[in-house]
Amino acid sequence: MTIDIAIINGTVLPMGGAKPIENGVVTITGGTITAVGPADEVDIRGARKVIDASLSAVMPGFCDSHTHIASNMLLRGLLEDVKLFEWLSTMWQLKKNFDPETLYWASLTGLVEMVKSGITTFNEHFDAYAVEPEIEALKRIPLRATLGYGFADRGLYAPITDWSWKTLNNFGDLVAKHHKTRDGLLQIGLSPHAPYSCGEEMYRLTREVADAYSVPIHTHLAEGTQEMAYMAENYGTSPVRWLESLGFLKGDITAAHCTQLDTEDMKILAAHDVKIGHCPCCNAKLNSGTMPLKCVLEHGITVGLATDGPASHNTLDMFQEMKFAGLIHKDKTNDVEFLKTHEILELATAQGAKAMNRPETGQLVPGMAADVIVVDLDKAHSLPVYDTAAALVYSSRADDVTHTIVNGRMLMEKRIVAGIDEAEIRREFRTRAHALRQRSLG
């Protein structure tokens with residue numbers, strides 16, 4: 001068997017519960033991992049390309065289980081220090097003026113940021129704008145992506161009501177065109193925005209469409225106190241209980257945020273195998289609350305770590321997310337032994353993949369997708385490295401990622417992203433973003 005890529009001399013973290021391998025080797029053929037093990041047990045003779053990962057960690061690429069790329073790239077830093085609903089209102093002033101070309105360059109910029117920070121798989125929730133520009137951008141930077149078409153029919157998002165119903169009613173055409181294409185990298189899904197922006201009929205139809213075409217669902221759920229108050233006033237119950245009453249909840253759902261769960265909500269989510277995309281940084285920033293992660297995990301719910309979008313997190317940096325997750329949950333639980341470093345890494349990789357229903361990735365195991373990153377640990381801010389997991393979670397930064405491989409293809413080598421003019425992308429995006437803000441807000 002021909003080996004296309006052999007990564008040698010690094011500390012390999014396979015994840016999925018497997019122990020780190022000092023002086024480990026990972027081999028890749030085509031889009032698949034073919035071997036993982038100690039150097040004296042893996043034959044790399046004849047490898048077409050060898051990457052020396054000395055003084056580096058070799059691990060699965062990060063799986064970002066909830067984010068918004070194109071829209072939120074254009075909203076980064078636009079409005080700070082306000083509550084969720086007020087923040088959403090200002091964001092909408094720009095969203096209603098989006099155009100395909102601007103979204104294309106925003107998507108490219110977001111993909112560049114993700115590649116350079118080690119994110120190889122992401123779960124995109126399209127909150128009220130066209131998906132096609134990002135599909136085009138993914139032709140140039142082919143990450144593993146699930147793109148959820150966003151729907152809504154009330155409140156702030158009422159202007160997209162007609163588009164939402166039309167798209168839902170014709171979703172089979174989109175499935176035939178895009179789902180599981182590009183060698184399986186691209187999947188599409190259904191993204192009803194939230195219980196405060198979608199009514200009963202829309203959630204019921206979303207469930208029918210998901211069942212008919214076997215596509216995943218990605219929705220915001222129990223995100224903050226304003227949402228809880230809205231649901232109590234209009235439905236007399238919690239968002240989780242309301243969705244259960246509709247027969248909506250199943251294992252194909254990624255529910256983003258879930259900061260406002262009580263014990264009954266957790267039991268319901270666990271019973272239906274609903275997964276959670278956990279976004280601690282943005283939840284803290286918008287004062288949405290901290291998800292009761294310890295209780296959630298005790299209920300057996302699958303949880304993946306996520307950045308949310310750059311509008312509410314400001315970066316697509318899973319290193320920041322990992323560190324903050326460790327800090328906030330130790331503080332909130334008053335338990336420094338909760339959420340150990342290797343567990344945080346699992347949330348960002350193997351569990352993140354499961355949380356977004358992409359089980360083919362997130363681990364370095366023979367037969368799984370070759371989505372691999374190399375992280376340089378020989379940095380002043382990381383040394384000395386007594387424990388690789390601790391260095392990655394609490395010391396490393398996004399720009400320590402030196403190589404990013406997706407489906408066996410080298411997308412970044414020694415910090416250079418292949419096949420693009422990064423300066424051009426930044427320039428086009430910057431120009432179009434400022435023009436959008438000017439015509440939207442003056």
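This is a predicted model: local features need pLDDT of at least 70, side-chain atom pairs count only at pLDDT 80 or more; totals for chains, interfaces and linings use all residues.
Helices H5 and H7 cross with left-handed geometry.

**Helix packing: H5 and H7**

- Helix H5 comprises residues 161-169 and helix H7 comprises residues 200-213; their axes lie 10 Å apart, at an angle of about 25°.
- Because angles under 35 degrees count as roughly parallel, H5 is described as roughly parallel to H7.
- On the H5 side, the contact is formed by Ser164, Trp165, Leu168 and Asn169.
- On the H7 side, Glu201, Met202, Leu205, Thr206 and Val209 make the contact.

**Strand E12 and its side chains**

- Strand E12 spans residues 275-278, and Lys275, Ile276, Gly277 and His278 are all buried.
- Lys275 and Gly277 point one way from the strand, whereas Ile276 and His278 point the other way.

**Pairing of E12 with E11**

- Strand E11 (residues 253-257) runs parallel to E12, and three bridges join the two.
- Within this pairing, Lys275 of E12 has Thr254 opposite it.

**Pairing of E12 with E13**

- Strand E13 (residues 303-305) also pairs with E12 in the parallel sense, over three bridges.
- Val303 in E13 is the bridge partner of Ile276, a buried residue of E12.

Technical notes:
Residues are numbered from 1 along each chain as its sequence is written. Side-chain values use heavy atoms; hydrogens and water are left out. Buried means under 20% relative accessible area, exposed over 50%, partly exposed in between (1.4 Å probe, protein chains only). Helices (H or I, at least four residues) and strands (E, at least two) are DSSP runs, numbered from the N terminus. Two strands pair if DSSP finds at least two bridges between them. Axes are lines fitted to C-alpha atoms, for helices over the stretch in contact, and angles run from 0 to 180 degrees between N-to-C directions. Angles under 35 degrees count as roughly parallel, over 145 as roughly antiparallel, 65 to 115 as roughly perpendicular and the rest as oblique. A crossing is left-handed if the near helix is turned anticlockwise from the far one by less than a right angle, and right-handed if clockwise. Contact means heavy atoms within 4.5 Å.
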